[in-house]
Amino acid sequence: MEFKDYYKILGVAADADKAAIKSAYRKLARKYHPDVSSESDAEAQFKEVAEAYEVLKDAQKRAEYDELRRYGRHGKAFEPPPEWQSSTVFGDSGHADFGGGFSDFFESIFGSGQPHGATERNFKRRGRDIELDLPIFLEDTLSEESIPVSFEVTEPDAHGQLTRRKKKLNVKIPAGVSDGERIRLKGQGSQGIGGGPAGDLFLRIRLVPHPLFDVEGHNLIITVPLAPWEAALGARVEVPTLTGRIHLTIPANSQTGQRLRIKGKGLVSKGHKGDLYAVLKVVMPHGGNEKSRQQWQQLAESVPFDPRAEWSKR
Amino acid sequence: MTSSPKAIEMSLDEFILASGVAGDTLLLMIEEGILNPHEDTAGEWRFELQMIFTARRAVRLHRDLEIDWCGIALALELLDELEQLRDENRILRQRLGRFIKT
């Protein structure tokens, strides 16, 4: 077990007063709180900071910690003296919400904070909710799909010991779910303690980015590359949709960036269907031969066209 | 096993159970506009599923950052806006990437 230097974690001096500790904590908490931070390791960082503050804000805990700190160095191996006994009663501070609770180091000093009544017969608590991200392919949002979900719950066994158990469910995902939407499966979370009700399972829909289609609300966008002559003369091209290929008529003299609407080929939303937009993109052929070079040359001479006319207006 | 999540709405009692947030705390959140349950024809509040997460988030911010409820209302509004802008930015970047090589 590593020794944690709580002063170092909060970035304060060992003789810092209460106000300095509070201010350092608040600053770091705003930076790393998982509900506001976009830093990748925010949760782990916040836990460290919260743990340090939990100890240093409390005069009694701080005094005990200072006592132990004389034997430890930050990041170095540490065991509390065998006769060590904390006199503080560790309350349920709730910082454990983000899962995992306090570090082994903290618990070795101040105890685990497990509710003392957990094994008593009359102790009742609702089971933990489970939150999971559920990746869904765009194709699977068009109709109700049954999707297998596996997850782990922490539940008391016959002896009241908390153990992990794997659960598998087939979940019916309704048609028309959108990115970020949550689905609640009542009572499918962890079992309650002492006969308390089970927690819920919450699935957060994550639409998997599609290689071809971009999502805009319940409309889809596909980029359609066109040869210059297809854009100039018009064409009939085959375009993929989520439900198979269709033929799309490209009008003559089309431009890059132009959008063509394909009705009803978007995503499903509240019973009605969005549209698919084909965005045109004129692309040049690679290289070419002497003949094609001559043909471009003829075009250049016969078509009066200034693509940069906009610039000369200024 | 599930119906459309949008159709699931909860009464105040159901919401207290599902969110694990105390009733008097919820009242403060409603007062500050952090939660906006709509009223049914009988004048009873109806809560949407998504509000469970808003309420829990507000509780954590209140406890961990020691922000008052009024400040949380503002923080949540700005955080939502930030998230929307980030999403929009991601989508636009992805679309732009189909037109220009970066």
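Buried here means under 20% relative accessible area, a cut-off to keep in mind for the views below, all taken from a predicted model.

**View 1. A salt bridge joins chains A and B at Asp35(A) and Arg57(B).** The closest N and O atoms of this pair are 3.6 Å apart. Both Asp35(A) and Arg57(B) are buried. Asp35(A) sits in the loop between α2 (18–32) and α3 (42–56) of chain A, while Arg57(B) belongs to helix α3 (residues 50–64) of chain B, so this contact joins two chains.

**View 2. Asp5(A) pairs with Arg69(A) in a salt bridge.** Here the closest N and O atoms lie 3.2 Å apart. Asp5(A) is found in the segment before α1 (6–10) of chain A and Arg69(A) in helix α4 (residues 59–69) of chain A, so the pair ties together parts that are 64 residues apart in sequence.

**View 3. Asp200(A) meets Arg184(A) in a salt bridge.** The N to O distance is 2.9 Å. This pair links distant parts of the chain, 16 residues apart: Arg184(A) is in strand β4 of chain A, and Asp200(A) is in the loop between β4 (182–185) and β5 (201–207). Asp200(A) is buried, with a relative accessible area of 2%, and Arg184(A) is buried too, at 13%.

**View 4. A network of salt bridges includes Arg184(A) and Asp200(A).** Linked with them are Arg126(A), Asp129(A), Glu131(A) and, from chain B, Arg56(B). For context, the count over all chains comes to 24 salt bridges.

How values were computed: Residues numbered from 1 in each chain as written. Chains lettered and ligands numbered in written order. Predicted model: local features only at pLDDT ≥ 70, side-chain atom pairs only at ≥ 80, totals over all residues. Heavy atoms only, no water. Salt bridge = Lys/Arg side-chain N within 4 Å of Asp/Glu carboxyl O. Helix = DSSP H or I, 4+ residues; strand = E, 2+ residues; numbered from the N terminus. Buried < 20%, exposed > 50% of the residue type's maximum accessible area, 1.4 Å probe, protein only.
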